[in-house]
Amino acid sequence: MAWFKKTRRRMASQTAEKRSRVPEGLWVKCPDCGQPVYKPDLESNLSVCPKCAHHFRMTATERLASLFDGGQYTEHFAKLRTNDPLGFTDTKPYQERLVKAREATGLEDAVIVASGKLEGLDVVIAAMEYAFIGGSMGVVVGEKLTRAVEMAFERRQPVVIVSCSGGARMMEGALSLMQMAKVSAALARLDRARLPYISILTDPTTGGVTASFAMLGDLNIAEPKALIGFAGPRVIEQTIRQKLPEGFQRSEFLAEHGMLDLVIDRRDLKATVARALRFMGAESGVPQGADDRSVAAMATSSS
Ligand SMILES: [Zn+2]
């Protein structure tokens, strides 16, 4: 016979029941200031930390909703999808990655093209989705962006592209690299038609996207502290065998060194884009492209 025996049942815990009443993920920890942030507060603040202004990554749909008036827009070319032209497999088949990404994002590929009104101005806006294989640019992203530019060309409307990408999609090999030239060529046509193109660079914008359309804007605007570059810092350090300076490849550093025109807080982004487009003549019906001098004048007037 045991000397000690639990004769009474343990008191029912109340905490287990209570815990389930708090929905998971209602608080997020800000990676910059470390403070807990109430998620609805964050969402109403365009995913900018209310305490330290850290810019959280936005989805493409959130981005479009934040730029278009009343969050209203018409999506274009949504049905385009890639067919794995190389039959590529790395750690897992590309097809499998595509299926997962489609399930996770509800999108067919890593960009959404939309048209609508921005502060009353007719615009075509394309926003990249980082959650879709790192926002990488394959044949579909290239084709959709080209069509977006061509649509703007036909309608005589300005173009805004919001980049958020790790670069070209390696699973599509050289075909993805060709998209750099294709989108750039379409933008050159837009430029000759004197229609404005504003590039918005968000965290991160790297690789073939930086090396093509993201840096071709009449105005290149970045969000604060965004990582923008071609190769990553580790690769550069290994190549040039030198330590890189503090803040290298961040928006502020790049703006200081003439690689960007403006670094704008997300909460002021829409107003800035609208002001720039009006300055470039978007309101007058037939927009005029901005020459270098007028862009410089605007950059100084807004800073
Ligand atoms: Zn913060």
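Trainee: Where does Phe77 lie?
Mentor: We're looking at a predicted model, where local features need pLDDT of at least 70, side-chain atom pairs count only at pLDDT 80 or more, and totals for chains, interfaces and linings use all residues. Residues are numbered from 1 along each chain as its sequence is written, and side-chain values use heavy atoms, without hydrogens and water. Helices (H or I, at least four residues) and strands (E, at least two) are DSSP runs, numbered from the N terminus. On that basis, Phe77 lies in the loop between S3 and helix H4 (94-105).

Trainee: What is phi of Phe77 near?
Mentor: Most residues other than glycine have a negative phi. Phe77 isn't a glycine, yet its phi is positive. Phi of Phe77 is near 55°.

Trainee: Is Phe77 buried, partly exposed or exposed?
Mentor: Go by relative accessible area: buried is under 20%, exposed is over 50%, and partly exposed is in between (1.4 Å probe, protein chains only). Phe77 comes out at 24% relative accessibility, so it counts as partly exposed.

Trainee: And about what is the phi of Ile133?
Mentor: Find Ile133 in the loop between S5 and helix H5 (139-155). Ile133 is not a glycine, but its phi is positive, at about 45°.

Trainee: Is the peptide bond from Asp203 to Pro204 cis or trans?
Mentor: Pro204 is found in strand S7. Most peptide bonds are trans. The bond from Asp203 to Pro204 has omega near -10°, and that bond is cis.

Trainee: How many helices and strands does the secondary structure of the chain come to?
Mentor: The chain has 303 residues, and 43% of them count as buried. Its secondary structure comes to 11 helices and nine strands.

Trainee: Within what arc do the buried residues of H3 fall?
Mentor: In helix H3 (residues 60-67), the buried ones are Ala60, Arg63, Leu64, Ser66 and Leu67. Look down the axis of H3 and take the directions from the axis to the C-beta atoms. The buried residues line one face of the helix, because they fall within an arc of 160°.

Trainee: Which helix is included in what covers the buried residues of H3?
Mentor: Contact means heavy atoms within 4.5 Å. The cover over those buried residues includes strands, among them S3 (73-76), S4 (111-118) and S5 (121-128). S6 and S7 are included too, along with helix H10 (266-279).

Trainee: Which residues does Asn45 touch, not counting those up to four places away in sequence?
Mentor: Asn45 is found in the loop between helix H2 (39-44) and H3. Asn45 is buried, with a relative accessible area of 17%. Skipping residues up to four places away in sequence, Asn45 touches Pro50 and Arg267.

Trainee: How far apart in space are Phe230 and Gly166, C-alpha to C-alpha?
Mentor: Phe230 sits in the loop between strand S8 (219-222) and helix H8 (233-240), and at 58% relative accessibility it counts as exposed. Leaving aside neighbours within four places in sequence, its contacts include Thr206, Gly207 and Gln249. Phe230 and Gly166 are 64 residues apart in sequence. In space, C-alpha to C-alpha, Phe230 and Gly166 are apart by 9.3 Å.

Trainee: How many disulfides does the count come to?
Mentor: A disulfide is a covalent bond between the sulfur atoms of two cysteines. Here it's taken as a pair of cysteine sulfur atoms within 2.5 Å. Cys33 is partly exposed, at 30% relative accessible area, whereas Cys164 is buried, at 4%. By this rule, the number of disulfides is zero.
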